[in-house]
Amino acid sequence: MAAKLSAEARAAALTGLPGWSGCEDRDAISKTFVMHDFVEAFGLMTRVALIAERMGHHPDWRNVWNRVEVTLTTHDSGGVTDNDIRLARAIEDTVSG
């Protein structure tokens, strides 16, 4: 099981992840991606699904037309771990690349 990050470690990791923030209602991080249209949003979800499957770490997410709301937490650890930070970085690489 991955170790839960301290508040300080999580804050430090978030400084390198623009637009990601802690959730108020649980120990998780989240970001909403606004795409051009539904097809672009679904494409993002498809790319992330493939990455998440390879990592064995899956997001909680929701799609409404051109928006993809992503929440990351490691359920087994009860909060944010390095797995969540790595997946957030991979998502950012997918969006920017």
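This is a predicted model: local features need pLDDT of at least 70, side-chain atom pairs count only at pLDDT 80 or more; totals for chains, interfaces and linings use all residues.
The protein chain contains 3 helices and 4 strands, arranged from the N terminus in the order α-β-β-α-β-β-α. Its radius of gyration is 13 Å, close to the 13 Å given by the globule rule for 97 residues, so the chain is as compact as a globular protein of that length. The C-alpha trace spans about 35 × 25 × 25 Å along its principal axes. Of the 97 residues, 41% count as buried. Among contacts with a separation of 6 or more, 61% are accounted for by residues 24 or more positions apart. The accessible surface of the chain comes to about 5600 Å², and carbon and sulfur atoms hold 53% of it.

Helix α3 (residues 82–96) has 15 residues. From its first C-alpha to its last, α3 reaches 21 Å, close to the 21 Å expected at 1.5 Å a residue. Its buried residues are Asn83, Asp84, Ile85, Leu87, Ala88, Ala90, Ile91, Glu92 and Thr94. The cover over these residues includes α1 (7–15), β2 (29–34), α2 and β4 (67–72).

Glu92 of this buried set also takes part in a salt bridge with Lys31, at 2.8 Å from N to O. Lys31 lies in strand β2 and Glu92 in helix α3, so the pair ties together parts that are 61 residues apart in sequence. Both Lys31 and Glu92 are buried.

The count of salt bridges comes to 6. One of them joins Asp60 and Arg26, whose closest N and O atoms are 2.6 Å apart. This pair links distant parts of the chain, with Asp60 in strand β3 (residues 60–64) and Arg26 in the loop between β1 (21–22) and β2, 34 residues apart. Asp60 is partly exposed, with a relative accessible area of 28%, and Arg26 is partly exposed at 35%. A salt bridge also forms between the side chains of Arg67 and Glu69 (3.7 Å, N to O). Arg67 has a relative accessible area of 31% and is partly exposed; Glu69, at 24%, is partly exposed.

A nonpolar patch on the surface is formed by Phe38, Val39, Phe42, Val64 and Trp65, which together have about 510 Å² of accessible area. Helix α2 (residues 38–55) gives the most to this patch, with 3 residues. Phe42 is placed in helix α2 and, at 47% relative accessibility, counts as partly exposed.

Conventions
Residues are numbered from 1 along each chain as its sequence is written. Side-chain values use heavy atoms; hydrogens and water are left out. Patches are made of residues with over 30% relative accessible area and no salt bridge: like charges are joined within 9 Å, nonpolar side chains (Val, Leu, Ile, Met, Phe, Trp, Tyr) within 5 Å. Accessible areas come from the Shrake-Rupley method with a 1.4 Å probe; for residues, only the protein chains shown count as cover. A salt bridge is a side-chain nitrogen of Lys or Arg within 4 Å of a carboxyl oxygen of Asp or Glu. Helices (H or I, at least four residues) and strands (E, at least two) are DSSP runs, numbered from the N terminus. Buried means under 20% relative accessible area, exposed over 50%, partly exposed in between (1.4 Å probe, protein chains only). The expected span of a helix is 1.5 Å times one less than its number of residues. Contact means heavy atoms within 4.5 Å. The radius of gyration is taken over C-alpha atoms; the globule rule is 2.2 Å times the number of residues to the power 0.38.
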